[in-house]
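Here's a quick tour for anyone meeting this structure for the first time. Have a look at it, then read on.

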Amino acid sequence: MFDLKLHYGNSYLENSMFFCIFINNEWHTSIKGKKFPTINPATGVKICDVEEADKADVDEAVRAARAAGQRGSEWRQMDASSRGRLLHRLADLLERERAVLATLESMDTGKPFLHAFFVDLDGSIKTLRYYAGWTDKIHGKTMPVDENFVCFTKHEPVGVCGAIIPWNFPLLMFMWKIAPALACGNTVVIKPAEQTPLTALHTGALIKEAGFPPGVVNIVPGFGPTAGAAIGSHMNIDKVAFTGSTEVGQLIKAAAAKSNLKRVTLELGGKNPCIVFADSDLQSAVEETQKGAFFNQGQACTAASRVYVEEAVYDEFLRLSVERAKNIAIGDPLEPRTSHGPQINQHQFDKILELVASGKKEGATLECGGCAVEDRGLFIHPTIFSDVKDHMRIAKEEIFGPVQCIMKFKTQEEVIDRANGTQYGLTAAVFTRDIHRAMSVSAALEAGTVWVNCYNALHAQAPFGGYKMSGNGRELGEYALAEYTEVKAITLKLSERLTL
Amino acid sequence: MGVWGVFCSRSCPAGCNIWPRLTVRVSGPDLRESVPYPLEFFTSKPTISSHQTAAKIFINNEWHDSVSGKVFSTYNPATGEKICDVQEADKADVDKAVQAARLAFSLGSVWRKMDASERGRLLLKLANLVERDSAYLATLESLDTGKPFLSSFFVDLQGTIKTFRYFAGWADKIHGSTIPTDGEYFTLTRHEPIGVCGQIVPWNFPLVMTAWKLGPALSCGNTVVLKPAEQTPLTCLYIGALIKEAGFPPGVVNILPGYGPTAGAAIASHMGIDKVAFTGSTEVGKLIQEAAGKSNLKRVTLELGGKNPNIIFADADFELAVEQAHQGVFFNSGQCCTAGSRIFAEEPIYEEFVRRSVERAQRRTVGNPFDPTTEQGPQVSAEQQSRVLELIQSGITEGAKLECGGNAPPSKGFFVEPTVFSDVQDHMRIAKEEIFGPVQQIMKFKTIEEVIERANNTEYGLAAAVFTTDLNKAMNVSAALQAGTVWINCYNALSCQCPFGGFKMSGNGRELGEIGLKEYTEVKTITMKMSGKKS
């Protein structure tokens, strides 16, 4: 196992530099002089105190970001291809620090180290490299306009982009936000979640080392109602991107409207349906849906929390799922054998157990789990409910915990209606060997991403985002570039008509 | 001094002992103080002292002797001295290379199963390796072509590195589309690699042309059989070593030094090659296209000659126009397909433009490519030198006014003096034929309509330029010119992000930019019958 102390001597956790507010490529203490602790959820022990950013600190960060993005600044005059080189360099540095970052991520979130190393870090590096390649390929167009005009478009950066990211994939979400924003030439003020600020701050040091000009990326660790709200309603922030709950997403959009009509992208909750037909590869369907439900302790907006199984294979599917869930290795996230860690904090832990209780009360059958691991703080056993009905709370509300709800269905039309009967529309999956069914069900599902015979197959190249109340706009892929650019149409009047 | 020894110890980065040992001795003043980076690499007189082995043919990430056992020599055009011998590829070697490339491209191969993003990583690694060895490569390029070291370092090497990086980024962004077809169907497209691509590159920018060819071909997932020009095979072969070091699977890139009529012809007419890309003369371009037609209808892209017009209006920024027009024609000793060899100057400024252009040409320093003050090196070969001198003679005979230059200075190298002709008429050979030498033709014009017509009155259509401060003139003239690239108030402003290629007989297809990818992909339409209409 990687040991921070071996790597940095005893000083890493005492090295307060990385636990400060990062503005203008410098480390600052909070203006109000406040700090907040970040806790290792696997042990309940405080890791360190972090400087707490509030409105005044956000103001400083925005000032730095504005100056960095000003006309004539080093950042604005930089060749697009050089922006790409900087992003590649940051990816190289992440590669160099991969073990450190994965350890920090695992300590701060409780996710298994190997997941942090292979999923979070891999995704972060790939996202940076992908957008590094886009920088000098963000093309405008020329248009054959009528009469004697010449018209062309330029895709310009939006300006200062606020970003507010969640605690479930702290580093990965950091990269999903900054990579396209920087590729397009914006500057960024980003707030990591108060539960998990450490990898973001470490990345601040790497951003400086990579050679980004001061003020291009500013990191303000703090709380939603203070620092987050300051970003959402700031008059000098041109765009805000938020990943988190639907409830807070609504606040962000309202704040944007009330302040300066800043552009808004939201990536919010999900209550994602998986539809398993009788003709599917059942073993693979069991594995994929279960990984979809329990990955990251169920703390994923893509969590496969509603599994619809066709009547003919329902019993078998249930049996295999329960068998598999009981074998999940729960334990110390830093142990390589562990595949299931703790929930992030007491609040989430309580909320999950309360929803589990509601499931029992409303008449679903608890097949396994349903309780905390004895003497282990925030750990919850992987939980499966069968006989779940659509009206139950566990079938409607986002649980954000290791709880899989299994339902039975009879016909394709019925299951499509039921799958779509939700305010959410983030992801969905269909398991079948029938090509017609795969195509027609994926066309009918109201979701931003549909996986066929797979789950959580996310890639930097493919767009990701929600229908309905799961979000606004798309991240990743070429599509994300549109969210970080303003299109300017430039029309020239000529004294005579151009030859065609 | 003695820095050259550093290069020699890195003579083959991949550790194979096939590379000819170039021991270049240094003498002359220490110029490190007077010129910015990369000064320690400077010398005024490099001499090559020994070469034991011949450079080899690169197939399947291995170094081979030619099947025929033949070798040819490559020379330093600044001195006429031989640099080293090179194994000469012919049809039999091309067959071997195609076999390797086909195998590397076969379904299920490492290359075909590789993630697109991983192809991008390999190209990026290649760019980094070229960057690491850029001083050595620039030295080699200058030795083999005669171009000034500073140009090699700052233009050729930078262009090469940037091109590889640019196409590295495209690898996982080559999007197909999904199409709302009528009826109960669903359609999607895949942009698939074409297969084995034959590529034939010229001697004027050996490295840059190699990058222009390899970058998009590899980004799209093809495999390559590439023939460098027989005059300048060394840097291209060195790229082979870097390809191997970067970790490209065997057979993905194969490099065959050899001659046009033998190895080149074998590529163009090969039944196992799916596409051929050629940069060179219009005359040979026609042969290539014909061979493709006669053999297997392989896809063809051609980037050929130019007789590029440069139009200077009276309202232009005069200083800028004189300097850009000068650089536009004299850059690389005039050995550019983009050379701005027909200058049309508007009547009111014509006399002054001629006077200032002559003054500038007379100041142009010709000499040792390794002297940092040198602007112009030799022509690439004795053959090219005499061709240029013959065309200069024709200009004099046909009645153009020789303002300066016109001769070969006394030297063992293949130098030609910077030459300016005024009073050139459109019917003269020097106004019609591609000279590929340091010869500037200046003509007079009166009206926009007239100059557009004269500028377009050529079989070529590669590049053109217009100098004016008037927006209307700039846009109207650039729209009217028949050329694949038009520069406004600049010249030779090429970048890997922008498409490049010719109208008319200057070529087929485009290189560089997103559009360059199109030439290296086949589009496959996949249509699926659906049960019912899907909205």
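Buried means under 20% relative accessible area, exposed means over 50%, and partly exposed is anything in between, using a 1.4 Å probe and protein chains only. This is a predicted model, so local features need pLDDT of at least 70 and side-chain atom pairs count only at pLDDT 80 or more, while totals for chains, interfaces and linings use all residues. Residues are numbered from 1 along each chain as its sequence is written, chains are lettered from A and ligands numbered from 1 in written order, and side-chain values use heavy atoms, with hydrogens and water left out.

**A patch on chain A**

- A:Val119 is partly exposed, with a relative accessible area of 35%, and sits in helix H6 (residues 113-134) of chain A. Helices (H or I, at least four residues) and strands (E, at least two) are DSSP runs, numbered from the N terminus.
- Together with A:Leu114 and A:Phe118, A:Val119 makes a nonpolar surface patch with about 250 Å² of accessible area. Patch members have over 30% relative accessible area and no salt bridge; like charges are joined within 9 Å, and nonpolar side chains (Val, Leu, Ile, Met, Phe, Trp, Tyr) within 5 Å. The areas come from the Shrake-Rupley method with a 1.4 Å probe, and for residues only the protein chains shown count as cover.

**Where the chains meet**

- On chain B, 28 residues are in contact (heavy atoms within 4.5 Å) with 28 residues of chain A.
- About 2,300 Å² is buried between the two chains, and carbon and sulfur atoms give 60% of that. Buried area is the accessible area (1.4 Å probe) that two parts lose on being put together, summed over both.
- Two salt bridges (a Lys or Arg side-chain nitrogen within 4 Å of an Asp or Glu carboxyl oxygen) cross the interface.
- A:Glu95 and B:Arg121 meet through their side chains in a salt bridge, 3.7 Å from N to O.
- On chain B's side, the elements giving two or more residues are helix H4 (116-132), helix H6 (149-170), helix H16 (471-480) and strand S22 (521-529). H16(B) gives the most, with six residues.

**Inside chain B**

- Helix H9 (residues 260-268) of chain B has several buried residues, including B:Ala263 and B:Ile267.
- Those buried residues of H9(B) pack against elements of chain B, among them helix H2 (91-105) and strand S12 (275-279).

**Two asparagines with positive phi**

- A:Asn24 isn't a glycine, yet has a positive phi of about 60 degrees. A:Asn24 lies in the loop between strands S1 (21-23) and S2 (26-28) of chain A, and is partly exposed at 30% relative accessible area.
- B:Asn61 also has a positive phi, near 60 degrees. B:Asn61 lies in the loop between strands S3 (57-59) and S4 (62-64) of chain B, and is buried, with a relative accessible area of 7%.
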